[in-house]
Amino acid sequence: MSEHFEPVIIGFTCNWCSYRAADLAGTARLKYAPNVRLVRLMCSGRLDPTFVMKALSDGADGVLITGCHPGECHYVEQNYKTLRRYLLLRRLLQGMGIAPERVKLVWASAAEGAKLANEINSFVEEVRALGPLGWPQKLAGNVKEVEVAA
Amino acid sequence: MSTNNGKPKVGVYVCHCGTNIAHTVDVEQVRDWAAQALGAEGVVIARDYKFMCSSPGQELIEKDIKELGLERVVVAACSPHLHEMTFRNASKRAGLNPYLTELASIREQVSWVHTDKGLATEKAKAVVAGAVERVVKNEPLDEIKVPIHPATLVVGGGITGIQAALEIANAGYKVYLVEREPSIGGHMAQFDKTFPTLDCAACILTPRMFETGMHPNIELLTWSEVTQVAGYVGNFTVTIKKKPRYLKEELCTGCRICVEKCPKKVIDHVYEAGIGYRKAIYTSSAQAVPKFPVIDTANCNFFQKGTCKVCEKSCPTNAIDYEQKEQFLKVDVGNIILATGYDLFDARRVSNYGYGRLANVFTSIEFERMCNAAGPTSGKIVLRDGQTTPKTVGIIHCVGSRDRNYNNYCSSICCMQSLKFAHLVKERTGATVYDFYIDMRTPMKSYDEFYQRVLEEGTLFVRGKVAQVSDAARNAQEEGKLIIQVEDTLVGKQRRIPVDMVILSTGMQPRHDAKEVGKLFGIGCSSDGWFTEKHAKLDPVATMTEGVLIAGTAAGPKDIPASVAQGSAAAARVLNLIMRHEVTLEPIKAIIKQWQCSGCRICNGLCPFNAISFRAERRVSEINPALCQGCGTCVAACPAGAISGSGFSNDQILAQIDGLLMDVNPVSA
């Protein structure tokens, strides 16, 4: 593990709450770690678990999923479905030998720019403590080994 | 088609936003990087400009689309919530489908929130790469247009619903006004005076009620409830249950002889707030609109015991019909306004204030009825015995509001309501009035002046939250009184103040069935239980469901002027749609590819808008595009990948992830 490990994190945001919270954090000039790159979805319910696997396998060290608070979903109740999928996804990751702590679900309303900024900062530290995932490198390495063995 | 490496030609435009972006992001570096590193992804031109959103900035894009034949555009600038429409329109003017333009937010998400220019520039590149990869996968989309039915459903006949109904009806359009009580008028019809002008509530409300009842464009459906809502903006079909009144409305003249003759007296818990009586056949008041009485079967001698029929015998027009059954009506409307109002906080829950246990503790609505000249005491302010005039009265603010044990929010009307009570007690009894407040909130027009007036009238204000109201006397002075125990926070000591009467200024609560009603109409409630507006500041009467609007206290505590303003605002929104004849819907929708659908029906239960239906004859599911709100939950759930989400397709999102991680993924890089 490198001493100055800077994790790369993909953040999925809901168009109506957490994406606006990110906008608000910007408007308020709050400062947070530059390690998170955001993807806007219309709803956290749009989050196909494949997106998380894709991000991790493409080189992300962690994935942050954000949505509206329970009871405040823009689409009535879709964030509850996100919660269900999230819990299942964590079990799947564990089964694959990936620390489930690399994926985190956070609720942030459009008014909670400061909360989102804090959550991003603490998640960056949590992933930093876990170290790099390095999925693409490991995958490339494995492929090489197989090639040698063949 | 394109000869650009098999990829569509992409133009990238990086905005300086004055120094807003350029201060923290090396804009020129991002531009040059995009032109070189993203060339293989389809980028044929990358430019930077001081203000992309300015006219010359937009013209730059339009010119390139025309001259270079750009097929996709990425603008790296501010949040799409600010200028997505601006740049989509610029593309449209140059002949490019607007949905082939993407914004990369390098201001809100990069320059404003980061400090290290090197790191910020690297992140900006990743964000731009994500947008480029995504836009390549964008598909041209067409806006969806649907016609608007000119009729409107207003649910709730309080002052808000009345206002909304009259605005629309006066503009010449049909309104169905549904009210579940026998008469319209709502809470306001129960009040005596209204703050801060002290207009008599009936004097200003009843003309509106009659106008509503007589209006040729308003179909009044009282003693009725909505049971089913189908359809979407512009095209709703609503089922309304008309509960039986047990009389033929077409024959009833509203003479009220039946009410007079009815031998059964019942405590009226609704209109008279439990301190007055009505008959088993009744109208809420003499000024009820409509004028038709209803029979309360749970208390009617005939319905309970099989004998009596006094109303039938006394009716001069033979209007009574004991056989009447409930009816279900189906109406077509284009828009729906929910003005379902509030419930009063149940003061019994604050047991230390003794309501329900100590006779002379009253709630605000009981006091309203007492003050009302048409109420049970004919407007006389008296103790529970019905005759003794109080010499000392204590008024307690914030009962059930601003309290972690009950409701956190401020009910917004209680301060002014309490001041009004203080004035009325002074005026009518000359009693000493104590007013216990936490903070005095009188922010609207002429409200603080009213507070000054009540101060000058000699009401004694005590700043502090009352701990307890009890009848346990500690000395002769307290004997036979109600003792209010309070910390006077301005003096800094505990006080015990003996009074004859206590009025609890009870707060507002969401309707007990707000959640179910919300579900019926496809809208949500906040964690407090009030209906959620589309935007708390900029779109307060719209909801997430197009065509369903909210107004008045259904969306949160409000006083009469604010409720009326919202009633008018919702009506203006509806008229806006009606007069356009059709509405344009964002083409962000889920679509089921019929040939891939296995008919498993997993998606069917996931849609809160009932947009997905199963076609049994073809064994596939189908999405109604007008009902679909575009959340994409079903897209993520389909095990066959048969559902695609336009605007947010799997291809688009996966490509964006690729782009965002281009710098760290040695395989895709």
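The following report takes up these topics in turn.

## The model and the interface

The structure is a predicted model. The size of an interface is often expressed as the accessible area that is lost when the parts come together. Between chain A and chain B, about 4,400 Å² is buried. Carbon and sulfur atoms give 60% of this area. In terms of contacts, 47 residues of chain A touch 52 residues of chain B. On the chain A side, the residues that lose the most area to chain B are Arg37(A), Arg40(A) and Arg46(A). Together, these three arginines account for 16% of what that side buries.

## Cavities

How many cavities of 30 Å³ or more does a search of the whole structure find? The search finds eleven.

| Cavity | Volume | Lining by class |
|---|---|---|
| Largest cavity | about 220 Å³ | nine nonpolar, three polar and four charged residues |
| Second largest cavity | about 120 Å³ | eleven nonpolar, five polar and no charged residues |

The largest cavity is lined by 16 residues. Those closest to its centre are Tyr19(A), Arg40(A), Glu102(B), Leu103(B) and Gln656(B).

Several elements contribute at least two residues each to the lining of the largest cavity. From chain A there is strand S2 (36-41). From chain B there are helix H3 (80-93), strand S4 (101-105) and helix H5 (117-137). Which element gives the most to this lining? The answer is S4(B), with four residues.

The second largest cavity likewise has a lining of 16 residues. Nearest its centre lie Cys607(B), Cys628(B), Gln629(B), Cys631(B) and Cys634(B).

## Two sheets of chain B

One open sheet of chain B consists of three strands in the order S11-S12-S17, paired in the antiparallel sense. Its edge strands are S11 (224-232) and S17 (327-333), each of which pairs on one side only. From one strand to the next, the twist averages 20°. Eight bridges connect S11(B) with strand S12 (residues 235-242) of chain B. Within this pairing, Ala230(B) stands opposite Thr237(B) of S12(B).

Another open sheet of three strands in chain B has the order S24-S25-S26, again with antiparallel pairing. Why is one side of S24 and of S26 left without a neighbour in the sheet? Strand S24 (466-470) and strand S26 (493-499) of chain B stand at the edges and have a single partner strand each, so one side of each remains without a neighbour in the sheet. Here the twist averages 20° from one strand to the next. Strand S25 (residues 482-488) of chain B is joined to S26(B) by seven bridges, and the two run antiparallel. Leu482(B) stands opposite Val499(B) in S26(B).

## Details of the backbone

Chain B also contains cis peptide bonds, including the one between Phe195(B) and Pro196(B), where omega is about -10°. Pro196(B) belongs to the loop between strand S8 (193-194) and strand S9 (199-200) of chain B. A cis peptide bond also joins Val289(B) to Pro290(B), with omega about 0°. Pro290(B) is located in the loop between strand S15 (281-282) and strand S16 (294-295) of chain B.

Finally, Arg402(B) has a phi near 50°, which is a positive value in a residue other than glycine. Arg402(B) occupies the loop between strand S21 (392-399) and helix H12 (414-429) of chain B.

Definitions and conventions. Residues numbered from 1 in each chain as written. Chains lettered and ligands numbered in written order. Predicted model: local features only at pLDDT ≥ 70, side-chain atom pairs only at ≥ 80, totals over all residues. Heavy atoms only, no water. 1 Å grid on protein atoms, 1.4 Å probe; cavity = no way out; pocket = protein on both sides within 12 Å on 5 of 7 lines; lining within 4 Å. Points joined across faces, edges and corners; volume = space filled by probe spheres on them. Nonpolar A, V, L, I, M, F, W, Y, C, P; charged D, E, K, R; others polar. Pairing = 2+ DSSP bridges. Axes fitted to C-alpha atoms, helices over the stretch in contact; angles between N-to-C directions. Contact = heavy atoms within 4.5 Å. Buried area = accessible area lost by both parts, 1.4 Å probe.
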